[in-house]
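Hi everyone, thanks for coming.

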Amino acid sequence: MFQTWLRGSDDDLSRPDIALLWFLIPFKAVKHLICDQYMWLSIKIVSALLLLAILALFLYNMPGYMVKKMLGV
């Protein structure tokens with residue numbers, strides 16, 4: 001089977017559904033944990049982080065704008 005796949009034979013190109021199941025199970029578990037149990041908590045955390053980033057950018061840029069306003073530039 002592996003050698004026919006290497007040669008490019010068209011008769012056995014489809015993989016079984018179970019081939020990537022070991023890779024998808026952890027993602028499904030994380031999705032279930034975040035989306036079902038902690039959905040509102042994750043929305044609140046993302047919102048708080050966005051507001052904190054906006055506040056940090058405002059505080060970072062405020063001294064430069066204050067100097068420009070004082071000098072009339």
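Of the 73 residues in the protein chain, 0% are buried, where buried means under 20% relative accessible area, exposed over 50% and partly exposed in between, using a 1.4 Å probe on protein chains only. This is a predicted model, where local features need pLDDT of at least 70, side-chain atom pairs count only at pLDDT 80 or more, and totals for chains, interfaces and linings use all residues. Residues are numbered from 1 along each chain as its sequence is written, and side-chain values use heavy atoms, leaving out hydrogens and water.

How many helices and strands does the protein chain have? There are three helices and zero strands, counting DSSP runs of H or I with at least four residues as helices and of E with at least two as strands, numbered from the N terminus.

Now, confidence. pLDDT is the predictor's confidence in each residue, from 0 to 100. The protein chain has a mean of 79, with 71% of its residues at 70 or more. Helix α1 (residues 2-7) is lowest, at a mean of 53, while helix α3 (residues 39-71) is highest, at 92.

Let's stay with α3. The expected span of a helix is 1.5 Å times one less than its number of residues, so the 33 residues of α3 should span 48 Å, and the 49 Å between its end C-alpha atoms agrees. Just after α3, G72 has a positive phi of about 75°.
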